[in-house]
Amino acid sequence: MTFPFDYDHGAPLQFGGAMPVMKTFEDSRVVILPIPVDRTTSYVGGTRNGPHEILQASSHMELWDEEVGADVHGVGICTLPEMELPFGELAPLMAEIRRVASEVLARDKFLVTLGGEHSITPPLVEAAAMRHPGLSVLQIDAHADLRDCYMGTPHNHACAMRRALEFAPVTQVGIRSLSVEEAQIASSLDTTIFYDATMRQDPRWIDAVVATLKDPVYVTIDVDGLDPAIMPATGTPEPGGLSWYEVLGLLRAVFTRRNIVAVDLVELSPLPGVAAPNFLCAKLVYKMLTYKFAHRP
């Protein structure tokens, strides 16, 4: 398979495995970009293996969605090869991610990025904001990621949303871990936080989240935003978090009521011999594609 731009890469896997209809880049509405970055993880490493395991797990999915009553693989899903990012410094690494994401978005594709650590999100948001003025961001996460600098770099995964705020306002959902610095600065930043401990006190909390988002929307999901009972395979797990059906309810509402233009899923650190978290991530990506494209021309 050929692509209209180049970058260093290894041999590709395909999202969904051998789907009944394999389309070219040009004929696909969805482009999957795997970015196996694992440079600044601060507890359990292994996010470099996340994209590969998600793609492997995706080959075992059934393509019919019983909730929505649709099979959306026919819109065309093209999986790009994993990016190889041998840069010594983080700044050129971020620049290369932004460049490649911009190439995809410039061709009117729906970009799905598989991480890798959360540090990859700011250049993706920047690329989306350049393509889609007025962008807002939905973040599902355990951590606020609002540090200005951490472990000697502003590009640390703990700084991801602080950097993303340079390009778009952010709505943060499921937050249950902040530093003193973040707690003190959060109210002065262009972010709305739905704390895991209190957000369900409002039975219409999903509506409240959607109301904070302005079109178009970029969605970033750090898998530690989910309950570690269903998502133990992550580098910085936190008690609490969203259940499977809570995250689906939120995403379905956002995809139904807002124009989602790109998404990423990050921070899977696969556990040897434990397939369920990898499959959950693959299924979650396909659920988002279903919410985006089912019953739409």
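## Basis of the model

Axes are lines fitted to C-alpha atoms, for helices over the stretch in contact, and angles run from 0 to 180 degrees between N-to-C directions. The structure is a predicted model, in which local features need pLDDT of at least 70, side-chain atom pairs count only at pLDDT 80 or more, and totals for chains, interfaces and linings use all residues. Residues are numbered from 1 along each chain as its sequence is written, and side-chain values use heavy atoms, with hydrogens and water left out.

## Packing of α1 and α8

Helices here are DSSP runs (H or I, at least four residues), as are strands (E, at least two), numbered from the N terminus. Helix α1 (residues 50-58) packs against α8 at an angle of about 75 degrees, and their axes lie 8 Å apart. The two helices, α1 and α8, are therefore roughly perpendicular, a class that covers 65 to 115 degrees, whereas under 35 counts as roughly parallel, over 145 as roughly antiparallel and the rest as oblique.

Contact (heavy atoms within 4.5 Å) joins E53, I54, A57 and S58 of α1 to N278, F279, C281 and A282 of α8. By class, five nonpolar, two polar and one charged residues form this contact of α1 with α8. Nonpolar denotes Ala, Val, Leu, Ile, Met, Phe, Trp, Tyr, Cys and Pro; charged denotes Asp, Glu, Lys and Arg; the others, Gly among them, are polar.

N278, located in helix α8, is buried, with a relative accessible area of 6%; buried means under 20%, exposed over 50% and partly exposed in between (1.4 Å probe, protein chains only). Residues up to four places away in sequence aside, N278 touches E53, I54, A57, L268 and P270.

## Pockets

On a 1 Å grid over the protein atoms alone, a pocket is an open set of points with protein on both sides within 12 Å along at least five of seven lines, while a cavity is a set where a 1.4 Å probe fits but cannot get out; lining residues have an atom within 4 Å of a point. Grid points are joined across faces, edges and corners, and a volume is the space filled by probe spheres set on the points.

The largest pocket has a volume of about 200 Å³. Its lining comprises 16 residues, of which H143, D145, R147, H157 and A158 are the closest to the centre. The second largest pocket holds about 170 Å³, and β8 (260-266) and α8 (276-293) each supply at least two of its lining residues.

## Cavities

Two cavities of 30 Å³ or more are counted. The largest cavity, of about 40 Å³, is lined by E62, L63, W64, D65, E66, K283, Y286 and K287.
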